[in-house]
Amino acid sequence: MVSSRIRPPHRCSSMQGKIVKGIAGFYYIHVVGSGVYECKAKGIFRKEKIKPLVGDNVIIEVLDESEKTGNIVRVLPRRNELVRPAVANIDQALVVFSVIKPSPHLRLLDRFLVMMESRQIPVILCFNKEDIAEDFQIKELEKIYSGCGYPCIFTSALKQTNVDRVKKLLKGKTTAIAGPSGVGKSSIINVISPGAEMETGDISKKIERGKHTTRHSELFLVDSDSYIMDTPGFSSLYVDDFEKEELKYYFPEFRNYEGACRFDGCSHTHEPDCAVKQGVADGKIANVRYDSYKEIYEELKDRRRY
């Protein structure tokens, strides 16, 4: 008979969560209903050359429930993955530009749209500062991008116009929020999730051991099943991880012209009887979008020469 004083060995409990931040070798895992756990990744990940990313769904073993510490033991399969920023499992992207002050940098916006199209990640366009913009400026942007099939919302973070519409679109999803500085992106984030302040309380306490000046991708909890991610480095987007021949598939407005050009495999740049170029001439494809296409195409073409 086993003595009643002999206790069975302690077993670590396992649970599933999502990486909301990774810094200095530590990963912060949000587990619905349990909070945030500070975890290390087991050595097997280094051996197998797997790097956990912000946005990854993972299985952790809890080492100390009171201290909220544990180990990541498994990274679950990813739906998608971005290189810059290095994140995973994005359901959609919310791209924030201002209508005016500053005027939108459409070349930069188009690069981001191409990157998201290449990853099959849906995009919502949010043009802020509509309260100080002229009606024709709003209509011009709407014509260009609604014409491509992208949902466009015009907001005022200052007056909180249409911010509720944005918030509804985030429900139940992990959303990357991107945009250049000065457009009111942080203001919109703080209206959507007032407690975020670009941090969450549980994580702030854990990371207070040291100051980190480098910005990292980070998920913020909006509610129990909705996350937003502020993505740094937006102004240095490069679209260079696919062939120039693929680029045309990442401009949705070109799809209606597929197969209508004289030549199979038409690049839509220099060939005669090109249906896409005719679409531009007819005003059915925006000139600014076509100019972005040609610029990126030439960059991809030049890259292959070296």
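Lys21 stands opposite Tyr28 in strand S2. Strands here are DSSP runs of E with at least two residues, helices are runs of H or I with at least four, and both are numbered from the N terminus. The model is a predicted one, in which local features need pLDDT of at least 70, side-chain atom pairs count only at pLDDT 80 or more, and totals for chains, interfaces and linings use all residues. Residues are numbered from 1 along each chain as its sequence is written, and side-chain values use heavy atoms, with hydrogens and water left out.

S2 covers residues 26–31 and runs antiparallel to S1, to which five bridges join it. Two strands count as paired if DSSP finds at least two bridges between them. S1 and S2 form a hairpin with two residues between them. Ala24, in the turn, has a positive phi of about 55°.

S1 (residues 13–23) also pairs with S4 (residues 57–64), in the antiparallel sense and over six bridges. In that pairing, Met15 has Ile60 in S4 as its bridge partner. S4 is in turn joined by six bridges to S5 (residues 69–75), again running antiparallel. There, the bridge partner of Glu61 is Asn71 in S5.

These pairings belong to a barrel: five strands close in the order S1-S2-S3-S5-S4, with mixed pairing. From one strand to the next, the twist averages 50°, where axes are lines fitted to C-alpha atoms (for helices over the stretch in contact) and angles run from 0 to 180 degrees between N-to-C directions. In a regular strand the side chains alternate between the two faces of the sheet.

Apart from neighbours within four places in sequence, Ile72 is in contact (heavy atoms within 4.5 Å) with residues including Ile19, Tyr27, Ile29, Phe45, Val58 and Ile60. A nonpolar core is a set of buried Ala, Val, Leu, Ile, Met, Phe, Trp, Tyr and Cys residues joined through side-chain atoms within 4.5 Å. Buried means under 20% relative accessible area, exposed over 50%, and partly exposed in between, with a 1.4 Å probe and protein chains only. The largest such core has 51 residues, of which Ile29, Ile60, Ile72, Leu109, Leu125, Phe127 and Tyr145 touch the most other members. H2 gives the largest share of this core, seven residues. A second, separate core has 19 residues, among them Tyr257, Ile285, Tyr290 and Leu300.

H2 spans residues 106–118 and holds Asp110. Asp110 counts as buried because its relative accessibility is 0%. Its contacts, leaving aside neighbours within four places in sequence, are Tyr145, Val288, Arg289 and Ser292.

Ser156 lies in the loop between strand S10 (152–154) and helix H4 (163–170). Ser156 is buried too, with a relative accessible area of 1%. Its C-alpha atom is separated by 5.3 Å from that of Asn128, 28 residues apart along the chain. Beyond neighbours within four places in sequence, Ser156 is in contact with Asn128, Lys129, Glu130, Asp131, Thr161 and Val163.

For the protein chain as a whole, there are eight helices and 13 strands. Of its 306 residues, 48% count as buried. Among contacts between residues at least 6 apart in sequence, 67% join residues at least 24 apart. The chain exposes about 16500 Å² (Shrake-Rupley method, 1.4 Å probe; for residues, only the protein chains shown count as cover), and carbon and sulfur atoms supply 50% of it.
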